[in-house]
Structure formats: C-alpha cells, structure tokens
Amino acid sequence: MSGYETSYQLMKEDSPYLAAIGEMVVAWSSFEHRLDVTIFNLAGPKECECRKKIPSQTARPASKFQAIIDLCQRRQVPEHLIEELNKISKDSTALSSRRNRFIHDPWFDGGVQLYKEYVQNKLHPYERREVQLDNIKDFIEKMDDIDYRMAEIRTKILHDLIWRKCEVFGLR
C-alpha cells in the first residue's frame, strides 16, 4: 500500500486498543517524569546553572539518562550504580522505537495500524499491519518493569548520597 488509504474506519470510542494505547502513553510519561525528577534530585539547589540546562519535556530519554549519568559522576556515585543506569538506558532505548510506532503511526478500527518506515530520512510507503492487543500489553509490562528499575536505582543513588553526607557531618 502506498499513500494514505481512506477505506479504513477510524477506531471507535469503545475500542480496547484506545484504552491500551492510553495506558501505554501514561506508562511512558510516568517513566519520563521519573527521569526528570531524578535529574532535579541530583542537581540539587546549589547547582542552579545545571538545573537550567536540564533537558526539557521534549528531550529524548537518552539525553535525560546522559544528564543523570553526568550528575552521578560529578557527585561520585559508585560505578556499579552508574553501570545499572546504563543498562536501564539501553533497555528503554530499545523500547522507544516501538513506542514511537505505537504513538505516531495512524490507527484504525480492529487494531489496524498503518506503519510508516523512515530509512535515511525518507518516508517509505505505508504498510498495513494488524497489531494484536497483547503486543501493546507486552509493551506496557516492559515499560512498567523499566520504570520500577529506575525507581529502585534512583533510591539507591539518593541513599548513597545521603549516607555519604551523614559521614561528612559525623552523623553515622
């Protein structure tokens, strides 16, 4: 199929795909919010200039992870925690292209998606794909897992920073 085919029906309000896509969007935005909050936590009040340079809401997660890793290195967070951050970053990057296709490609009734592919910055013809609801639910599960892992590593990093500060002030 090439071009835009109008013979497909747009998704109806009661489509289970709309609910699943909405859940996926919420899972992704929750994850990105966690990255933003982590950056703010690590930048702290003393680094106002750094906070001004924090990637905006439109920045890709890879940029946000780089900001987190840079801040962790600046604060001398243990290397094993930074390695864990890198693993989470790679896993989220792998999911981001799937997310982009789910979000930015047109959807029609019955889980039909017109998939567009970009190769060397050129749009190739649309390809009709039937997407199983389980594929979207699988994505949501993987996204929830990555978000949970990010919450865990954020807690470990902040815990490390707090304990080191306590040592400096003789509170530990």
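I counted five helices and five strands in the protein, where helices (H or I, at least four residues) and strands (E, at least two) are DSSP runs numbered from the N terminus. The model is predicted, so I required pLDDT of at least 70 for local features and 80 or more for side-chain atom pairs, while totals for chains, interfaces and linings use all residues. Residues are numbered from 1 along each chain as its sequence is written, and side-chain values use heavy atoms, without hydrogens and water.

**Overall order**

I read the pattern along the sequence as α-α-α-α-β-β-β-β-β-α. Of the 172 residues, 38% are buried (under 20% relative accessible area with a 1.4 Å probe, protein chains only; over 50% is exposed, and partly exposed lies in between). I then looked up contacts (heavy atoms within 4.5 Å): among those between residues at least 6 apart in sequence, 67% join residues at least 24 apart.

**Helix α1**

I noted that α1 covers residues 16–43, 28 residues in number, and reaches 41 Å from first to last C-alpha, close to the expected 40 Å (1.5 Å times one less than the number of residues). At its start, a side-chain oxygen of S15 comes to within 3.1 Å of the backbone nitrogen of Y17. Just after α1, G44 has a positive phi of about 65°.

Leaving out residues up to four places away in sequence, I136 touches Y17, A20, I21, F102, W107 and V131.

**α3 against α4**

I found that the axes (lines fitted to C-alpha atoms over the stretch in contact, with angles from 0 to 180 degrees between N-to-C directions) come within 10 Å and cross at roughly 175°. The two helices are therefore roughly antiparallel (angles over 145 degrees). F65, I68, I69, C72 and Q73 of α3 meet I82, L85, N86, I88, S89 and S92 of α4.

**D105**

I located D105 in the loop between α4 and β1 (107–108). Is D105 buried or exposed? D105 is buried, with a relative accessible area of 3%. Its side chain is joined to that of R101 by a 2.8 Å polar contact. D105 and Y126 lie 21 residues apart in sequence and 9.4 Å apart in space, C-alpha to C-alpha.

Methods: A polar contact is a pair of N or O atoms within 3.5 Å; within protein, one must be able to donate a hydrogen and the other to accept it, and residues adjacent in sequence count only if both atoms are side-chain atoms. Angles under 35 degrees count as roughly parallel, over 145 as roughly antiparallel, 65 to 115 as roughly perpendicular and the rest as oblique.
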